[in-house]
Amino acid sequence: MNMRFSFFIIVLLNAFLLVNCGSKKNTDISYLNSTEKNTAKPPQLNVFVPRKSSLTPVPIIIFVHGGNWNSGRKGTYDLLGRNFASKGVITVIPDYTLSPEASYDDMARQIVSVIQWTKKNISQYNGNPNSIYITGHSAGGHLGALAVMNPKYGIDSGTIAGIILNDAAGLDMKNYLEGNPPTEKDDYLATWTSNPEQWKDASPIYFLNKKTPPFLIYVGDKTYNSIKIANSRFVTALQPFQPDVTPIRLNKKHVPMVLQYFSPWSNRFDEIIAFMKLHNKKKP
């Protein structure tokens, strides 16, 4: 084992110990109500809480994992949850039913249930139910935005204080699927159906309005071209409502866009916490 690798291992161990000391993990909490538990194994969520006590309730971030709508699990992102919690932000990380067992609509409805559970229960963890933000990487960015923005899901205006997109996919699935009709590859037929009206229903870009929560948007310069195109279209459509939004572009590929949150020293934490403080000041 060379000295450089040994140093790297020591740094990782110190980082792991640091975030473990600064956070507490609450594991496998049910978030669906009894009428929704119609799957063999209903999805659950983890809640990461700062160990350091606070006299005032703290903000919350809900992180929705990616995985092309047919893969991924909440347990992969423990370091992300612990890092946010060690910096004073309660972090909720759910699982959700994946394709082909679920469509985009089923997944979005489960994320709605996560938001509702958080609003109702997070005060038990000293969270501020009026300061809930949602974020997600790749497919998770799509599902988080769609759950909040599509009015059919019933999330009241003001429930979510802000949306943070991390190299989000699927922001304009209608545009993408018109050029790339879904097949059984990657379970896309199960996820999106073959109905163009469903593609529009699945696309957050068509639900932007003056009541849309404020956005913080990250895009990788080396990410997939489809993600670059969708984010560009989304920002153009967002500009009339939020003219000050400018995506933060990072010199990264798609997967490293989320891996950066596994390090407690990532600049993203300071940026996101600053975004939270800015928009909390605007709340009545």
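Student: How do you know that the span of helix α3 (residues 104-121) agrees with its number of residues?

Tutor: In this predicted model, the 18 residues of α3 should span 26 Å at 1.5 Å a residue. The expected span is 1.5 Å times one less than the number of residues. The end C-alpha atoms of α3 are 26 Å apart, which agrees with that expectation.

Student: What makes α3 largely enclosed by the rest of the structure?

Tutor: A residue is buried when its relative accessible area is under 20%. In α3, 13 of the 18 residues are buried, so the helix is largely enclosed by the rest of the structure.

Student: Why is strand β7 (residues 215-220) called largely enclosed?

Tutor: Of the 6 residues of β7, 6 are buried, so the rest of the structure largely encloses this strand. Phe215, Ile217 and Val219 point one way from β7, while Leu216, Tyr218 and Gly220 point the other way, and all are buried.

Student: Why is strand β2 (residues 44-50) described as largely enclosed, and which strands pair with β2?

Tutor: In β2, 6 of the 7 residues are buried, so the strand is largely enclosed by the rest of the structure. Strand β1 (residues 23-30) runs antiparallel to β2, joined by 6 bridges, with Leu45 of β2 as the bridge partner of Ile29. Strand β4 (residues 90-94) pairs with β2 in the antiparallel sense over 4 bridges, and Val47 stands opposite Val92 in β4.

Student: Why is the aromatic pair of Phe84 and Tyr261 called stacked?

Tutor: A search of the whole structure finds 12 aromatic pairs. For Phe84 and Tyr261 the distance is 6.1 Å centre to centre, with 25° between the planes. Phe84 belongs to helix α2 (residues 78-86) and Tyr261 to the loop between α9 (256-259) and α10 (267-281), 177 residues apart. Phe84 and Tyr261 are buried.

Student: Why is the pair of Phe84 and Phe269 edge-to-face?

Tutor: Planes over 60 degrees apart count as edge-to-face. The planes of Phe84 and Phe269 stand at 80° with the ring centres 4.8 Å apart, so the pair is edge-to-face. Phe84 lies in α2 and Phe269 in α10, so the pair ties together parts 185 residues apart in sequence.

Student: How do you know that the charged end of Lys200 sits over the ring of Tyr206?

Tutor: The distance criterion is within 6 Å of the ring centre, and the charged end of Lys200 is 5.5 Å from the centre of the Tyr206 ring.

Key
Residues are numbered from 1 along each chain as its sequence is written. This is a predicted model: local features need pLDDT of at least 70, side-chain atom pairs count only at pLDDT 80 or more; totals for chains, interfaces and linings use all residues. Side-chain values use heavy atoms; hydrogens and water are left out. Buried means under 20% relative accessible area, exposed over 50%, partly exposed in between (1.4 Å probe, protein chains only). Helices (H or I, at least four residues) and strands (E, at least two) are DSSP runs, numbered from the N terminus. Rings of Phe, Tyr and Trp (its six-membered ring) pair if their centres lie within 6.5 Å; planes under 30 degrees apart count as stacked, over 60 as edge-to-face and the rest as tilted. A charge sits over a ring if NZ of Lys or CZ of Arg is within 6 Å of the ring centre and within 35 degrees of the ring normal. Two strands pair if DSSP finds at least two bridges between them.
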